[in-house]
Amino acid sequence: MSQEFQKIFKTPKYTGITLSLLSMFVLASMFVVWEKMPQKKDFSSGQSLQVWAEDTMRNAVDLAKNDYEAEMKASVKIQYFSVYKMNEILTSNSKPWPDLFLSTDTTHSYNKRISSLSAEKIPLAYHPNRSGLTKTFSRSAIHAHVSKLSQRPIDAIRFARFLAAPSRGQFYFAQDKWIGVDGDKWRATPEIKILCDTQFKTKITPALQLSKTREGITYDIHFQKPKEIESSLAILHESQARQYLPDIIISHVPLLLPQDTFNFYSADEENLRLYYLVKGTSSHLCKRTLSTLNLKP
């Protein structure tokens, strides 16, 4: 190598700070695929989504439904019943059942019947203090229950998520004096970011199949060893790059994670540790996903 070239080219010296910055750059590059532009899709269908709801929530739900139909180019048919009529219909074993029930959590026998028919349960709001029938339900929670028998679970859950979203259905519940819930951020097709232990690489895709089939979720999964997961998250936490944090972490050993960033999700398996992002944009969805996750041999 000539002396002239040596004067021009100098071998870079890597300090601890430089290495940290380089690590952050590598991580940002690795996670940048998690920040994709949303794709517009056609959600129209030849059939209407069938919903049964208590008549106490008609004002808020009808307004939200109109917005949903306009945004998604989809059809939703809602039948409203009094609590007593709902109880009568459900106890008489009438069929076919709807795709989605919107009902109050009570000790009524019909509510137990709805729970037995449902696969997913999404919180929507709490009853306001009002005179008349609803006073009986003052401050009681209402949920969207997705039928196990629904042929359109993705559409049913999508509408339920729309009703629970702060920027969508919650606006109309609040307008009608209902007490809101901290629902997930609205996305027609949610994408969940997963940082997974390499030990589960061959098992994770089939394990997520049930959630994907019913929720219509897309997953972006990256694999690392447990120590690498801890290091990656520590760097992201230090850089305050919260937008790149995974929604779910899966490991076969306990992890040392940044404080107050992830919640531990209990699992029965001794060699499985599941975590989800605290105050993430899809916390409810993450918990529903984890509740169905099966990584057994």
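A crossing of two helices is called left-handed if the near helix is turned anticlockwise from the far one by less than a right angle, and right-handed if clockwise. Helices (H or I, at least four residues) and strands (E, at least two) are taken as DSSP runs numbered from the N terminus. The model is predicted, so that local features need pLDDT of at least 70 and side-chain atom pairs count only at pLDDT 80 or more, while totals for chains, interfaces and linings use all residues. Residues are numbered from 1 along each chain as its sequence is written, and side-chain values use heavy atoms, with hydrogens and water left out.

The protein chain contains 11 helices and 10 strands. Of its 297 residues, 47% are buried, a term that stands for under 20% relative accessible area, with exposed over 50% and partly exposed in between (1.4 Å probe, protein chains only). The accessible surface, computed by the Shrake-Rupley method with a 1.4 Å probe, comes to about 16,200 Å² for the protein chain, and carbon and sulfur atoms hold 53% of this area. Among contacts (heavy atoms within 4.5 Å) with a separation of 6 or more, 72% link residues 24 or more positions apart.

Two packed helices are described by the angle between their axes and the distance between the axes. Axes are lines fitted to C-alpha atoms, for helices over the stretch in contact, and angles run from 0 to 180 degrees between N-to-C directions. Angles under 35 degrees count as roughly parallel, over 145 as roughly antiparallel, 65 to 115 as roughly perpendicular and the rest as oblique.

Helix α3 (residues 58-72) and helix α6 (residues 153-164) have axes that come within 10 Å and cross at roughly 120 degrees; the two are therefore oblique to each other. The crossing of α3 past α6 is right-handed. On the α3 side the contact involves A64, K65, D67, Y68, E71 and M72, which meet D155, R158, F159, F162 and L163 of α6. These residues comprise 6 nonpolar, no polar and 5 charged, where Ala, Val, Leu, Ile, Met, Phe, Trp, Tyr, Cys and Pro count as nonpolar, Asp, Glu, Lys and Arg as charged, and the others, Gly among them, as polar.

For helix α4 (residues 83-91) and helix α5 (residues 109-117), the axes come within 8 Å and cross at roughly 55 degrees, which makes α4 oblique to α5. Here α4 passes α5 in a left-handed crossing. V83, M86, N87, L90 and T91 of α4 meet S109, Y110, R113, I114 and L117 of α5, a contact with 6 nonpolar, 3 polar and 1 charged residues.

L245 lies in the loop between α10 (226-239) and β8 (248-251). L245 is buried, its relative accessible area being 5%. Its C-alpha atom is 7.3 Å from that of L233, 12 residues apart along the chain.
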